[in-house]
Amino acid sequence: MMSLRVLTGITTSGTPHLGNYVGAIRPAIVASQSPDSDCFFFMADYHALIKCDDPARIERSRLEIAATWLAAGLDPERVTFYRQSDVPEVTELNWLLTCVTAKGQMNRAHAYKASTDANEAAGEDPDAGITMGLFCYPILMAADILLFNPHKVPVGRDQIQHIEMARDVAARFNHLFGQGSDLFVLPEAHIEEHVATLPGLDGRKMSKSYDNTIPLFEGGQKAMKEAIAKIVTNSLLPGDAKDPDNSHLVTIFEAFASKEETRQFKDELRAGLGWGDAKKRLLDLIERDIAPMRERYNALMAHPEEIEALLQTGAAKARATAAPLLKKVRESLGLRAMQAIAAPTAKAEKKAALPLFKQFRLEDGLFYFNFSAADGRLLLQSTGFAQGKEAGQWIAKLKNEGVTIIAGGAPVSLSEGVAPEDVSAALALLLAE
């Protein structure tokens with residue numbers, strides 16, 4: 001059975017915290033351990049350049065994030081783990097996709113629209129401060145994805161539009177240059193509905209932008225203990241019954257505890273466990289999982305050359321997959337080795353005058369086909385299809401079953417003055433070749 005290929009990108013513009021581990025790192029690593037999965041994990045350092053112009057921060061973040069994923073259990077033997085900037089095929093495909101992507105589609109990208117809306121609200125030029133990196137961000141993301149033809153791309157809900165854009169770009173490229181076959185798989189966005197979103201110290205979503213995070217590895221146990229001590233609780237004293245179902249401290253506890261441990265913790269809070277003791281209990285629980293990872297993290301951070309070697313190995317694996325596909329893409333565009341072209345033969349000239357099926361896509365985004373006689377007269381026209389593949393399937397049915405399918409409710413109509421016999425005759429002439 002064919003493996004399910006999954007691709008995940010990690011932007012390298014910050015230091016991971018506990019919320020990143022619970023919401024993204026841990027579930028991705030668990031998924032990568034499935035025997036029927038073929039996982040690609042990459043550090044999106046080109047994307048980070050759009051958000052950050054501090055080279056030192058970019059460099060440090062790449063190291064910290066690679067060390068974090070490896071320390072958390074990512075197995076580079078099982079997955080392809082690489083840095084985006086180590087795979088030059090990404091930027092080449094980015095340009096090839098740019099050449100077939102409509103500017104109007106990029107105008108509708110959420111990140112770009114949010115920036116222009118903010119500029120207009122401030123009375124500035126809509127494009128003030130907006131780089132082409134931000135504007136073309138979805139095309140680079142499409143290149144990241146399509147280069148490896150994954151079936152699923154785990155993303156947050158705010159990234160669904162980018163996956164839809166990647167699908168649109170892939171479908172357009174397949175239609176224009178696929179010559180009857182699909183060069184690119186249309187990826188599916190995969191939303192992890194059951195993955196926990198950790199609350200931060202103040203109860204809001206844990207986020208650096210809110211300055212309410214609990215560090216994962218940085219600062220060691222001391223930094224984690226200090227952060228946990230700042231978790232906001234109510235003023236109930238030790239001995240007072242507490243409501244565990246309305247405590248974000250308990251939500252964090254649940255992300256690391258078994259069901260039995262959670263039940264017991266809630267019972268003790270109802271029985272009067274003090275918040276100070278509860279926070280110590282939470283620290284001990286998290287440390288049970290994180291302490292061994294932190295030891296591995298510190299060892300990796302002390303030897304960045306080991307991480308570099310693993311990433312270079314991963315880049316070689318990634319390029320072994322990417323290069324053959326990019327070669328096909330280049331050739332489909334006419335970017336192929338020069339060679340002598342045979343002069344047209346009499347047979348080739350005769351074929352040029354045969355009846356012709358033509359597939360195309362209109363501005364409404366739907367796919368159509370028509371059938372013309374050898375003299376160019378239009379014989380029939382289809383209705384619109386959501387996928388180009390559907391149009392191709394109906395063409396195949398017409399060739400195999402003939403005009404009888406028209407009477408059966410096929411999504412095609414005869415041109416004015418055209419009889420079914422005209423279509424039959426043209427099909428017979430076409431199929432005789």
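About 550 Å³ of space lies in the second largest pocket. (A pocket here is an open set of points on a 1 Å grid over the protein atoms alone, where a 1.4 Å probe fits, with protein on both sides within 12 Å along at least five of seven lines; its volume is the space filled by probe spheres set on the points.) This is a predicted model, where local features need pLDDT of at least 70 and side-chain atom pairs count only at pLDDT 80 or more, while totals for chains, interfaces and linings use all residues. Residues are numbered from 1 along each chain, and side-chain values use heavy atoms, leaving out hydrogens and water.

**Exercise 1.** Find out which residues are closest to the centre of the second largest pocket, and which helix gives the most to its lining.

*Step 1.* Lining residues have an atom within 4 Å of a point. There are 19 of them in this pocket, and Asn174, Ser181, Asp182, Gly388 and Lys389 are the closest to its centre.

*Step 2.* Helices are DSSP runs (H or I, at least four residues), numbered from the N terminus. Helix 9 (160-177) and helix 16 (388-401) each supply at least two lining residues, and helix 9 gives the most, with 5.

*Step 3.* Sort the lining by class: 6 nonpolar, 10 polar and 3 charged residues. Ala, Val, Leu, Ile, Met, Phe, Trp, Tyr, Cys and Pro count as nonpolar, Asp, Glu, Lys and Arg as charged, and the others, Gly among them, as polar.

**Exercise 2.** Work out how helix 13 (residues 275-302) and helix 14 (residues 304-332) are placed.

*Step 1.* Their axes come within 5 Å and cross at roughly 90°. Axes are lines fitted to C-alpha atoms over the stretch in contact, and angles run from 0 to 180 degrees between N-to-C directions.

*Step 2.* That makes helix 13 roughly perpendicular to helix 14 (65 to 115 degrees counts as roughly perpendicular).

*Step 3.* Now for the contact (heavy atoms within 4.5 Å): Leu300, Met301 and Ala302 of helix 13 meet Pro304, Glu306 and Ile307 of helix 14. By class, that's 5 nonpolar, no polar and 1 charged.

**Exercise 3.** Describe how helix 4 (residues 89-98) lies against helix 14.

*Step 1.* The two axes come within 10 Å and cross at roughly 30°.

*Step 2.* Helix 4 is therefore roughly parallel to helix 14 (angles under 35 degrees count as roughly parallel).

*Step 3.* Helix 4 passes helix 14 in a left-handed crossing, where the near helix is turned anticlockwise from the far one by less than a right angle.

*Step 4.* On the helix 4 side, the contact is made by Glu89, Glu92, Leu93 and Leu96. The contact residues of both helices divide into 6 nonpolar, no polar and 4 charged.

Definitions and conventions: Angles under 35 degrees count as roughly parallel, over 145 as roughly antiparallel, 65 to 115 as roughly perpendicular and the rest as oblique.
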